[in-house]
Amino acid sequence: MIRLAIAEDHQSLIDGIKLLLEYEEDISIVGDANNGEDLLHIVRLKRPNVVLTDIRMPKMDGITATKLIKKEFPEIKVLAFTMFDQIDAIEQMVEAGASGYLLKNSSLTEVLEAIKTVRRGESYYDANIDTNALQADAKSSKKGLLTKRQIQILELIAQGKTSREIGKLLFIGVHTVDTHRKNMVRILGLKGKGELMRYALEKKYKF
């Protein structure tokens, strides 16, 4: 039996998923939440084995919620359900521990397939996601090279932009920008934010 918890800030979407799964004998919805904090409470109380969660939510985003869930309950499978198809957003969820990534324009039958797939211990990525680009970015990071997104951020750091300003310009969250900063410090072998700023100003990175 799949015990499913859903986190989504649009209740109408939750209701639609509930209608889809109503007659699925092997799936039971144990709780739903409209923010990350409530999701974490449901997980601790109901112990689902699959969590379907949005990324952008009030109080606590899906990335943070996923990290906390996987830290406390590593056996729980998390499936991201979002409108963001940017590689960096996918990477953030995968790094947090998500087993799959599904876009909100997916059909409800695909949602069902994704839930069953991650429950079996397999990964599931929406057909519209460029997994080759995702793998290329991951390889670049492992080799000590910056991804295209990180180079964009580094250029904006050199212009004196704050994380909030960078987020607005690139249409990503502040948390995502800060995580990229930390990853760049690690990849480049720097000691902190000050050195990252100096590195950006000296323009030692390759375009």
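Reader: Let's start with a detail: which residue in S5 is the bridge partner of Phe81?

Author: Keep in mind that this is a predicted model. As a general idea, strands of a sheet pair through backbone hydrogen bonds, either parallel or antiparallel. Here, Phe81 has Leu102 in S5 as its bridge partner. S4 and S5 (residues 100–103) run parallel and are joined by four bridges.

Reader: And in what order do the strands of the open sheet come?

Author: Read across it and you get S2-S1-S3-S4-S5-S6, six strands with parallel pairing. S2 and S6 (124–125) are the edge strands, each pairing on one side only. Then look at what lies on the sheet: H5 packs there, touching S1, S2, S3, S4, S5 and S6. The direction of H5 makes about 155° with that of S4.

Reader: OK, helices next. Which residues of H1 are buried?

Author: In H1 (residues 11–21), those are Ile14, Ile17 and Leu21. They sit on the same side of H1, because they cover an arc of only 60° around the axis.

Reader: What do the buried residues of H1 pack against?

Author: Quite a list: strands S1 (2–7), S2 (27–33), S3 (50–53) and S4 (77–82), plus helix H5 (108–119).

Reader: Now a single side chain. Is Ser163 buried or exposed?

Author: The cut-off for buried is under 20% relative accessible area. Ser163 has 12% relative accessibility, so Ser163 counts as buried. You'll find Ser163 in helix H8 (residues 163–170). Its side chain makes a polar contact with the side chain of Arg181, at 3.0 Å. Leaving out residues up to four places away in sequence, Ser163 touches Val174, Val177, Asp178 and Arg181.

Reader: Where does Leu190 lie?

Author: In the loop between helix H9 (174–188) and helix H10 (193–202). Try the cut-off again: Leu190 counts as buried because its relative accessibility is 18%. With residues up to four places away in sequence set aside, Leu190 touches Val185, Glu195, Leu196 and Tyr199.

Reader: Zooming out, how many helices and strands does the protein chain have?

Author: Ten helices and six strands. The protein chain has 207 residues, and 48% of them count as buried. For contacts between residues at least 6 apart in sequence, 62% join residues at least 24 apart. The accessible surface comes to about 10,900 Å², with 51% belonging to carbon and sulfur atoms.

Technical notes. Residues numbered from 1 in each chain as written. Predicted model: local features only at pLDDT ≥ 70, side-chain atom pairs only at ≥ 80, totals over all residues. Heavy atoms only, no water. Helix = DSSP H or I, 4+ residues; strand = E, 2+ residues; numbered from the N terminus. Buried < 20%, exposed > 50% of the residue type's maximum accessible area, 1.4 Å probe, protein only. Contact = heavy atoms within 4.5 Å. Areas by Shrake-Rupley, 256 points an atom, 1.4 Å probe, with all protein chains shown as cover. Polar contact = N/O pair within 3.5 Å; in protein donor to acceptor, adjacent residues only side chain to side chain. Arc of directions from axis to C-beta. Pairing = 2+ DSSP bridges. Axes fitted to C-alpha atoms, helices over the stretch in contact; angles between N-to-C directions.
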